[in-house]
Amino acid sequence: MAPPPPADMPLPQRLQKLASTLQFAWFAGHAVLILCITRYAFSWIRFNYYGGMASFCYRSAFVAAASTYGIVVYKTWRARQKTGAKQPGGALGYLSDENVQYLLMALVWLFMPQYPLALLPYGIYSIFHVATYTRANVIPTIAPPQKLVPGAAASPNGKPQYAPHPMADAIGSFVKKYYDSSMSVVASLEIALWARILLSALFFQRRSWILIAVYTAFLRARYAQSSHVKNSFAQFEARVDNLIGAQGTPPAARQAWDTLKGVARQFHGATDVNKYVNGAAAPKKSS
């Protein structure tokens with residue numbers, strides 16, 4: 001990491017240096033998170049997920065996640081301070097920021113019993129963040145783009161053209177091709193994680209009822225802000241509708257499913273945060 005700027009450096013350069021340092025720390029945090037998840041996966045495969053190294057990697061992964069999202073939240077707050085803009089909706093407005101939500105959930109996971117499934121959404125996000133930073137910053141630093149020789153008909157006053165590194169092009173293609181489908185996977189994982197926590201709550205496992213309340217609020221916020229989460233819920237509902245609508249399904253099962261859907265819709269209407277933040281659009285996640 002770059003050393004802190006000297007005290008005699010002009011303020012604009014100090015701010016630029018601080019921004020670069022924070023951006024590198026953000027990248028390093030995502031890289032550490034991926035390494036911790038990878039190491040934890042080896043322990044999980046060997047059914048040694050409560051061993052010393054596995055526990056260390058599990059907790060370290062969420063420390064790294066909290067650090068990266070904390071950096072983005074801090075940068076957003078600093079930008080608002082510079083412009084004098086206030087967060088719409090006050091405290092609820094801050095909680096509607098996806099970066100704040102993921103930061104708070106990382107801290108919750110850090111102090112809760114292990115749920116390995118909770119690592120995967122953070123890991124998928126980190127893969128794309130590391131790939132994007134590598135393409136935009138690491139590769140150009142190691143292998144600067146080569147200047148293209150202008151053609152005979154090119155204007156002498158035209159801007160020089162540069163050829164991007166093949167690796168940068170490959171990373172860009174990877175991100176463009178797999179980002180949307182990966183976000184759908186993240187949405188499905190978050191829904192599956194809610195079901196896993198609910199199962200723990202039904203068996204009264206340690207701190208599971210606290211966790212189900214917190215995570216339900218988180219998933220409700222995700223539903224309000226993410227089209228991928230909405231689509232995953234819609235697909236789940238359609239699949240269950242098909243199963244329930246099959247011949248031979250007991251009427252009690254159909255009635256129970258209809259009751260569950262009714263309760264879910266009532267919960268959705270009663271927990272619409274936009275009612276309390278004056279209809280302000282929730283900030284999208286940038287980390």
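Of the 287 residues in this chain, 34% count as buried, where buried means under 20% relative accessible area, exposed means over 50%, and partly exposed lies in between, with a 1.4 Å probe and protein chains only. The structure before you is a predicted model, in which local features need pLDDT of at least 70, side-chain atom pairs count only at pLDDT 80 or more, and totals for chains, interfaces and linings use all residues. Residues are numbered from 1 along each chain as its sequence is written, and side-chain values use heavy atoms, with hydrogens and water left out.

I begin with the fold. The chain holds nine helices and two strands, taken as DSSP runs numbered from the N terminus, with H or I of at least four residues for helices and E of at least two for strands. Starting at the N terminus, the order of elements is α-α-α-α-α-β-β-α-α-α-α.

The unreviewed UniProt entry annotates residues 21-42, 48-72 and 102-125 as "transmembrane region"; such positions are given in the numbering used here, feature names are shortened, and annotations may be inferred rather than shown by experiment. Residues 21-42 are 100% helix and 0% strand, with end C-alpha atoms 32 Å apart. For residues 102-125, the figures are 71% helix and 0% strand, and the end C-alpha atoms lie 11 Å apart.

Next, the salt bridges. Side chains of opposite charge can pair when their charged atoms come close. There are five salt bridges in the structure, each defined as a side-chain nitrogen of Lys or Arg within 4 Å of a carboxyl oxygen of Asp or Glu. R222 and E98 form one of them, at 2.9 Å from N to O. Because R222 belongs to helix 7 and E98 to helix 4, this pair ties together parts that are 124 residues apart in sequence. R222 is buried at 4% relative accessibility, and E98 is buried at 5%.

Which other residue meets R222 in a salt bridge? The partner is E190, at 3.3 Å from N to O. E190 lies in helix 6 and R222 in helix 7, so this pair ties together parts that are 32 residues apart in sequence. Both E190 and R222 are buried.

A further salt bridge joins K261 and E237, at 3.9 Å from N to O. K261 in helix 9 and E237 in helix 8 are 24 residues apart, and the pair links distant parts of the chain. K261 counts as buried at 16% relative accessibility, whereas E237 counts as partly exposed at 26%. Through salt bridges that share partners, E237, D241, K261 and R265 are joined into one network.

On a 1 Å grid over the protein atoms alone, a cavity is a set of points where a 1.4 Å probe fits but cannot get out, a pocket is an open set with protein on both sides within 12 Å along at least five of seven lines, and lining residues have an atom within 4 Å of a point. Grid points are joined across faces, edges and corners, and a volume is the space filled by probe spheres set on the points.

The largest pocket has a volume of about 870 Å³. It is lined by 20 residues, of which F233, L260, A264, R265 and F267 are the closest to its centre. Which helix gives the most to this lining? Helix 9 does, with eight residues.

By the cavity rule, there are two cavities of 30 Å³ or more. The largest cavity has a volume of about 50 Å³, and its lining includes Y102, W109, E190 and Y215. Two or more lining residues come from each of helix 4 (98-111), helix 5 (119-142), helix 6 and helix 7. Helix 4 gives the most, with three residues.

Finally, the backbone. Most residues other than glycine have a negative phi. F204, which is not a glycine, has a positive phi of about 55 degrees, and R207 likewise has a positive phi, near 60 degrees. F204 is exposed, with a relative accessible area of 63%, while R207 is partly exposed at 34%.
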